[in-house]
Amino acid sequence: MDGEQGVRGGDSPRWRRHGPPWWRSAGDAGRGARWPWPSTLLVTLFVLGGSNYAAHQQIGERAALDPFARALLVVASGVLLWRHRRPVLVVFATTAAAMLYLGAGYPYGPVFLTVALACFGAVVAGHRKAAWTALGMLWAGHVLVAHWLYQWLPPSGDSAAGWGQEGVIAAWVVAIVAVSELARTRREQWARERAERARAARRRADEERLRIARELHDVLAHSISVINVQAGVGLALLDADPEQARAALTTIKAASKEALGEVRQVLDTLRTPGDAPRAPAPGLDRLPELVSQAAGAGLTVEVEGAAPDLPPGADLAAFRIVQEALTNVVRHSGSRQARVRLDHDGGALRLRIDDDGPATGADAGGSGNGLAGMRERAAALGGTIEAGPRPGGGFRVLAVLPLGVKAKEDDR
């Protein structure tokens, strides 16, 4: 299932590898982020080349590039190598290098690209205040240098910058913040969608596991109950009445064959999920067969009423509820008679299974798993199950299943 890919060969799960590298969570970045050598080298070359070109365009206006200027450019670009691992350190380091470069009177140029990339990475990584602080420091530093400290800083004879230039720089800062915040918002949205897909996948897996558990419980509990009763009969009559013992063994063989077939059908759906089952799911049309199996276990079942046409999911649920209720009578009731009544009106099917008791064990009416399975099946259809002792003795199971609602199994 999507969202449930395991870790293979040490790699992250498939759903964690989607998206750009800078979308990784902080935990992923800290544990296994790769060093971004190619992009850092590319940025460094671009900054050095672009600054050299800018210096030729600003001859006489700004100070010429010297080894110290080129060292500042290399530092500002090189620290980007740590932008995934230490985003806060990188954003302040690039800002400090850019301020020194600016204060030394070197030409305006791509050095500010390093600050933009560092701030973008810090905001996306969740360090918004650090990025905003760094940009604010850079802008404030530019204001001080361009309008006050320029008198004492190189190049000599420089004049104050126009305030229109500050507006351009402010717009540049706002653009960086806006793009970074947009990327951060998209990353968080993608992370929420990824988490929701993972939760939905786990939920589907849990629902499928519960469905298979219900099917196996209902199939095996009924068949093994019949086999258990008939095995006891066969052992008791093996010497006194060989023919009756033979009949008990025949019933055991038929019940075990049917159980194996139904278990095989459930396992086939696991091996080839999404494929149509080889045999149709049981429904109330097999109620006579269920009554015959109960008779083989020594239980007489009277059936009143007839079932309407039902959707496959509702038909299966109704059959399993009756099957589990009769199994509980065989296993937990001293009565050898049970009554199944089917009523339906325009909107619901009512199933009532009664026995006269008394209970022969602590689990009167059935085990917790059996009753829980019946309630889950009814709830999947929007119906209800009531199970408990009858006022006059015995036990009653009453199921009400809406006819106009399909079970979750129908929507798979």
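Leaving out neighbours within four places in sequence, Leu81 is in contact with Trp35, Pro36, Trp37 and Thr40, where contact means heavy atoms within 4.5 Å. The C-alpha atoms of Leu81 and Trp35 sit 6.3 Å apart in space, although the two residues are 46 apart in sequence. Leu81 belongs to the loop between α3 and α4; helices here are DSSP runs of H or I with at least four residues, strands are runs of E with at least two, and both are numbered from the N terminus. With a relative accessibility of 7%, Leu81 counts as buried (buried is under 20% relative accessible area, exposed is over 50%, and partly exposed lies in between, using a 1.4 Å probe and protein chains only).

A word on the model itself. It is a predicted one, so local features need pLDDT of at least 70 and side-chain atom pairs count only at pLDDT 80 or more, while totals for chains, interfaces and linings use all residues. Residues are numbered from 1 along each chain as its sequence is written, and side-chain values use heavy atoms, with hydrogens and water left out.

The loop that holds Leu81 also holds Trp82, between α3 (67-78) and α4 (87-103). Trp82 is partly exposed, at 38% relative accessibility. Together with Trp35 and Trp37, Trp82 makes up a nonpolar patch on the surface, with about 380 Å² of accessible area between the three. Such patches take residues with over 30% relative accessible area and no salt bridge, joining like charges within 9 Å and nonpolar side chains (Val, Leu, Ile, Met, Phe, Trp, Tyr) within 5 Å. Accessible areas come from the Shrake-Rupley method with a 1.4 Å probe, and for residues only the protein chains shown count as cover.

Stepping back, the protein has 11 helices and 5 strands. Of its 412 residues, 42% are buried. Among contacts between residues at least 6 apart in sequence, 73% join residues at least 24 apart.

Next come the strands. They form an open sheet of 5 with the order β1-β2-β3-β5-β4 and mixed pairing; two strands pair if DSSP finds at least two bridges between them. β1 (300-304) and β4 (384-389) stand at the edges with a single partner strand each, so one side of each has no neighbour in the sheet. On average, neighbouring strands of this sheet are turned by 10 degrees against each other, direction ignored. Axes are lines fitted to C-alpha atoms, for helices over the stretch in contact, and angles run from 0 to 180 degrees between N-to-C directions.

β1 runs parallel to β2 (residues 337-344), joined by 5 bridges, and Glu302 stands opposite Arg339 in β2. β3 and β5 pair in the antiparallel sense over 8 bridges, with Ala399 in β5 as the bridge partner of Leu351. β4 and β5 are antiparallel too, with 6 bridges, and here Gly388 faces Arg396 in β5. These two strands form a hairpin with 5 residues between them, and Gly393 in the turn has a positive phi of about 105 degrees. β5 is mostly covered, as 6 of its 8 residues are buried. Helix α10 (residues 312-332) lies across β1, β2, β3 (348-355), β4 and β5 (395-402), at about 10 degrees to β3.

Then there are the charged pairs. The structure holds 13 salt bridges, each a side-chain nitrogen of Lys or Arg within 4 Å of a carboxyl oxygen of Asp or Glu. One of them joins Arg339 and Asp356 (3.1 Å, N to O), linking strand β2 to the loop between β3 and α11 (368-380), 17 residues apart. Arg339 is partly exposed at 23%, and Asp356 is partly exposed at 37%.

A salt-bridge network links Arg128, Glu181, Arg184 and Glu188. Within it, the closest N and O atoms of Arg128 and Glu181 are 3.1 Å apart, and this pair links helix α6 (residues 128-147) to helix α7 across 53 residues. Arg128 is partly exposed at 31%, whereas Glu181 is buried at 12%. For Glu188 and Arg184 the closest N and O atoms are 2.8 Å apart; both residues lie in helix α7, 4 residues or about one turn apart.

Ser180 is also in helix α7 (residues 163-237). Ser180 is buried, at 0% relative accessibility, and touches Cys119, Phe120, Val123 and Val124, not counting residues up to four places away in sequence.
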